[in-house]
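Keep the structure in view while reading the points below.

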Amino acid sequence: MRTSKKYIVAGLFLILLIVLFSCELLLGSVYIPAQKVFSVLTNNEHQNEVWNTIILQSRLPRALGAIIAGASLSVSGLLMQVLFRNPLASPYILGISSGAGLGVALITLSSASIGFAFAPNGLSLVASAMLGALLVFSIVFFISLRVKDIMTLLVAGVLIGSIANAIVNIIQLHSSALTVKTFVLWTLASLDQLEMADIKLLYIICPLAMIGSFLLSKQLNTLLMGEKYARSVGVNIMLSRILIILFSGILAASITAFCGPIGFIGIMVPHIVRIIFRTNHHKLLILFSVLIGSCTLLAADLMAHYFITSVSLPINAVTALIGIPVILWLLLGKKDISKTI
Amino acid sequence: MHTILEIKNIDVSYKQQKVLENGSLTLKESTLTALLGRNGSGKSTLLNTISGFLKPTKGEISVSGVNIYKSNPATRARLISYLESTPLSPQNITVKELVAFGRYPYLNLFTSLSEKDLTIINFALFQCGLSQFSDRLFNELSDGEKQKVFIARAIAQNTPLIILDEPTSHLDFIARRETIKLLKTLCLKENKTILFSSHEPELCIELADRFVITANHTFSEVNKGEVLKTLINSY
């Protein structure tokens with residue numbers, strides 16, 4: 001695809017992003033006219049408190065959350081796929097979601113079984129998920145400082161993730177049905193519980209990590225030719241690897257802590273970007289992943305809420321049910337998945 | 001003529017085992033040097049050591065007068081270009097984009113190519129007879145053409161010394177000759193110093209200027225007339 005054509009397609013996705021974002025704000029069980037939504041957003045109207053609350057505390061954080069989560073997970077997955085040269089690598093390949101899961105399991109399940117006088121709320125869930133993710137992430141990070149071979153790190157990441165899962169299983173077996181349900185609900189992931197304070201935090205952390213990743217484009221490009229080649233053109237492999245893991249980990253951990261382990265986006269979007277734009281320059285891949293990742297998660301969230309009007313669906317089920325046929329269709333039309341990296 | 005590569009009494013160990021001992025070699029500008037020897041005799045180890053991947057336990061290596069183990073990776077990347085025996089071939093990348101990788105040691109963070117970079121890339125493509133391939137997808141090329149693209153990338157890197165680890169190993173009979181002939185042309189026209197390893201003494205004797213043989217835990221230069229004899233004795 002020629003460069004100019006790439007930007008035209010990117011422009012179309014930008015329009016799609018705006019349309020989807022508007023849908024998130026306009027649609028809902030309570031009908032609010034478009035111009036009222038607009039005036040609430042621009043602070044012109046304060047008469048209708050209910051509308052204010054619905055838009056500013058429910059629809060807007062969800063829409064903004066879908067954008068940042070979609071973008072972050074896509075960039076995070078892209079980084080992991082390049083680092084491990086593996087088309088199946090996801091933001092969670094180094095055990096971050098398992099770590100977050102362990103944190104949540106400890107707080108929801110053990111608080112009840114130990115008789116801890118403490119009911120898990122939104123904040124404690126986020127904090128425990130964050131702590132769990134950071135715990136696993138730091139272990140993997142320190143391993144990455146010691147191992148020379150990148151595949152050893154991949155195996156170590158998967159193994160540590162499995163340990164976290166094993167502990168979760170033990171806790172689950174000894175918990176009540178109700179607390180197990182709380183945990184299972186967390187694993188389904190959702191954007192509904194996001195509040196504006198969460199959004200503000202995510203919009204500070206995630207863009208910083210994305211800019212960091214963008215500045216690594218040069219190193220990421222050379223890694224496509226293999227670590228040895230990258231070294232021969234003067235790239236510091238250890239430093240690049242550490243930064244890639246750090247940025248990818250920050251993105252995945254912060255989104256997982258606030259939204260739960262949203263699946264498939266991180267694997268799927270980088271492939272969609274490569275197939276559509278047919279480039280392997282990471283300056284473009286990162287930009288387009290941000291754009292298409294945001295669109296994908298917005299679309300998935302809209303479908304989760306409005307595909308069947310009376311019932312909302314878990315977002316992970318939607319990303320899997322809709323996303324996987326899409327990527328299969330793209331792949332069957334083009335080439336096999338290993339050939340897109 | 002300038003001395004490009006100077007190796008002084010190096011010892012190299014790999015995984016605590018001594019592979020090469022007390023080897024020395026001096027290569028001048030515009031020479032095509034073939035490195036021959038049995039599998040496991042230390043050819044790749046020597047090339048890795050010269051390229052800066054494996055530090056010698058003793059001795060010194062300098063390229064254009066710069067001690068490569070006392071200089072930083074960025075400086076090294078402007079002195080030596082290295083081509084692996086089985087390089088990875090990325091997808092969705094055109095021939096020109098791949099050759100542009102050769103300019104990486106000279107680019108800023110955003111990897112934007114200047115007019116000068118583009119001129120060098122086009123010249124490298126021309127040198128390797130790839131001008132009409134420049135917008136083709138790299139992976140649609142034959143192995144012989146791919147090898148030329150990798151050589152063009154090394155030319156774009158614009159280093160006095162080019163190291164190639166078995167550049168002809170996956171190629172057919174004709175492509176092997178073409179590859180070595182291309183290297184020879186680069187030595188003559190662009191004053192490059194090229195060192196490559198090979199398992200084809202006949203081809204090397206015909207085209208290379210100088211010959212280094214790895215055997216018995218060391219390496220040394222031999223005359224053209226003694227290449228086959230020395231190799232057979234080492235086998």
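**Helix packing and the chain interface**

In chain A, the axes of helix H12 (residues 265–277) and H13(A) come within 9 Å and cross at roughly 120°. The model is a predicted one.

**H12(A) with H13(A)**

- The crossing of these two helices, H12(A) and H13(A), is right-handed.
- On the H12(A) side, the contact is made by A:Ile265, A:Met268, A:Val269, A:Pro270, A:Ile272, A:Val273, A:Arg274, A:Ile276 and A:Phe277.
- H13(A) contributes A:Leu285, A:Phe288, A:Ser289, A:Ile292, A:Gly293, A:Thr296 and A:Leu297 to this contact.
- Sorted by class, the contact of H12(A) with H13(A) has 12 nonpolar, three polar and one charged residues.

**H3(A) with H13(A)**

- Helix H3 (residues 49–84) of chain A also packs with helix H13 (residues 282–306) of chain A: their axes come within 7 Å and cross at roughly 135°.
- H3(A) and H13(A) are therefore oblique to each other, and their crossing is right-handed.
- Residues of H3(A) in the contact include A:Arg62, A:Ala63, A:Ala66, A:Ile67, A:Gly70, A:Ser74 and A:Leu78.
- From H13(A), the residues in contact with H3(A) include A:His282, A:Leu285, A:Ser289, A:Gly293, A:Leu297, A:Asp301 and A:Tyr306.
- The contact of H3(A) with H13(A) divides into 14 nonpolar, seven polar and two charged residues.
- A:Leu285, A:Ser289, A:Gly293 and A:Leu297 of H13(A) take part in the contact with H3(A) and also in the contact with H12(A).

**H8(A) with H11(A)**

- The axes of helix H8 (residues 196–215) of chain A and helix H11 (residues 237–259) of chain A come within 9 Å and cross at roughly 160°.
- Angles over 145 degrees count as roughly antiparallel, and H8(A) and H11(A) are therefore roughly antiparallel to each other.
- H8(A) passes H11(A) in a left-handed crossing.
- H8(A) supplies residues including A:Asp198, A:Leu201, A:Ile205, A:Cys206 and A:Met210, while H11(A) supplies A:Phe247, A:Ile250, A:Leu251, A:Ser254, A:Ile255 and A:Phe258.
- By class, the residues in the contact of H8(A) with H11(A) are 11 nonpolar, three polar and one charged.

**Chain A with chain B**

- In the interface, 24 residues of chain A are in contact with 27 residues of chain B.
- The two chains, A and B, bury about 2500 Å² between them, with 55% of it on carbon and sulfur atoms.
- Of the area that chain A buries against chain B, A:Lys218, A:Met225 and A:Lys228 supply 27%, more than any other three residues.
- Between chain A and chain B, the count of salt bridges is zero.

Key. Residues are numbered from 1 along each chain as its sequence is written. Chains are lettered from A and ligands numbered from 1 in the order in which they are written. This is a predicted model: local features need pLDDT of at least 70, side-chain atom pairs count only at pLDDT 80 or more; totals for chains, interfaces and linings use all residues. Side-chain values use heavy atoms; hydrogens and water are left out. Axes are lines fitted to C-alpha atoms, for helices over the stretch in contact, and angles run from 0 to 180 degrees between N-to-C directions. Helices (H or I, at least four residues) and strands (E, at least two) are DSSP runs, numbered from the N terminus. Angles under 35 degrees count as roughly parallel, over 145 as roughly antiparallel, 65 to 115 as roughly perpendicular and the rest as oblique. A crossing is left-handed if the near helix is turned anticlockwise from the far one by less than a right angle, and right-handed if clockwise. Contact means heavy atoms within 4.5 Å. Ala, Val, Leu, Ile, Met, Phe, Trp, Tyr, Cys and Pro count as nonpolar, Asp, Glu, Lys and Arg as charged, and the others, Gly among them, as polar. Buried area is the accessible area (1.4 Å probe) that two parts lose on being put together, summed over both. A salt bridge is a side-chain nitrogen of Lys or Arg within 4 Å of a carboxyl oxygen of Asp or Glu.
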